[in-house]
Amino acid sequence: MPSFEEARKKVGELVAAKGFGNTPSEIPKKLLFAFIELGEAGDSWKKGRPKEETIEELIDVIFYVLDASRLIDPAADLDLAFEKKLAKNYSRPHRYGEGFSDEAERPASGS
Ligand SMILES: [Mg+2]
């Protein structure tokens, strides 16, 4: 199983082999394509398509994210960035984010 860094390298090799856009000016398009692939994953799931298809769409998302990250900062260590972000998320309070804010503003039930 490849690490993020190994997967990013493989995506870069694929981009070069297939002649896909490979300059920083392509970054917005690659990020947009990541969103489009995420939409395809959502559509696949919503329509009850085989799980394998939905997973493949999610892998497409990962491909575009890795490709964009490669062009944004070729020197970034994604494995390290992942571990740092994971630790950051663990350090957050248990209840965090918009869902908690909405719940906190909701009047207590039964009163
Ligand atoms: Mg797709």
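Which residues in helix 1 meet which residues in helix 4? Point 5 takes this up. The model discussed here is predicted.

1. **Overall make-up.** The protein has 5 helices and 0 strands. Along the sequence the pattern reads α-α-α-α-α. Of its 111 residues, 10% count as buried. Now take the contacts with a separation of 6 or more: residues 24 or more positions apart account for 65% of them.

2. **Helix 2 against helix 3.** Two packed helices are described by the angle between their axes and the distance between the axes. Here helix 2 covers residues 27–46 and helix 3 covers residues 51–72. They pack at an angle of about 165 degrees. Their axes lie 8 Å apart. An angle over 145 counts as roughly antiparallel, and helix 2 and helix 3 are therefore roughly antiparallel to each other. The crossing of helix 2 past helix 3 is left-handed.

3. **What meets at that contact.** From helix 2 come Ile27, Lys30, Leu31, Phe33, Ala34, Glu37, Leu38, Glu40, Ala41, Ser44 and Trp45. From helix 3 come Glu53, Thr54, Glu57, Leu58, Asp60, Val61, Tyr64, Val65, Asp67, Ala68, Leu71 and Ile72. By class, the contact of helix 2 with helix 3 has 14 nonpolar, 2 polar and 7 charged residues. An α-helix has 3.6 residues a turn, so residues three or four places apart point the same way. Readers can follow that spacing in the list for helix 2, for example from Lys30 to Phe33 or Ala34 and on to Glu37.

4. **Glu37, a residue to look at.** Glu37 sits in helix 2. Is Glu37 buried or exposed? Glu37 has 20 other C-beta atoms within 10 Å, so this residue is buried. Leaving out residues up to four places away in sequence, Glu37 touches Glu57, Asp60, Val61 and Tyr64. Val61 is 24 residues away along the chain, yet the C-alpha atoms of Glu37 and Val61 are separated by 5.3 Å.

5. **Helix 1 against helix 4.** This is the answer to the opening question. Phe4, Glu5 and Arg8 in helix 1 meet Leu78, Asp79 and Phe82 in helix 4. By class, the contact of helix 1 with helix 4 has 3 nonpolar, no polar and 3 charged residues. The two helices pack at an angle of about 135 degrees, with their axes 7 Å apart. That makes helix 1 oblique to helix 4.

6. **Burial along the helices.** Which residues are buried in helix 3? They are Phe63, Tyr64, Val65, Leu66, Asp67 and Ala68. The buried residues of helix 3 pack against helix 1 and helix 2. Helix 4 is hardly covered: the count of buried residues among its 14 residues is 0.

7. **Helix lengths.** At 1.5 Å a residue, the 15 residues of helix 1 (residues 4–18) should span 21 Å, and the end C-alpha atoms of helix 1 are 21 Å apart, so the two agree. Helix 3 has 22 residues and should span 32 Å; its end C-alpha atoms are 31 Å apart, which agrees. Helix 4 (residues 78–91) has 14 residues and should span 20 Å; its end C-alpha atoms are 20 Å apart, which agrees.

8. **After helix 1.** Gly19 follows helix 1. The phi of Gly19 is positive, near 75 degrees.

Technical notes:
Residues numbered from 1 in each chain as written. Predicted model: local features only at pLDDT ≥ 70, side-chain atom pairs only at ≥ 80, totals over all residues. Axes fitted to C-alpha atoms, helices over the stretch in contact; angles between N-to-C directions. Helix = DSSP H or I, 4+ residues; strand = E, 2+ residues; numbered from the N terminus. Parallel < 35°, antiparallel > 145°, perpendicular 65-115°, else oblique. Left-handed = near helix turned anticlockwise from the far one by under 90°. Contact = placed C-beta atoms within 7 Å. Nonpolar A, V, L, I, M, F, W, Y, C, P; charged D, E, K, R; others polar. Expected span 1.5 Å × (residues − 1). Buried ≥ 20, exposed ≤ 12 C-beta atoms within 10 Å, placed from the backbone.
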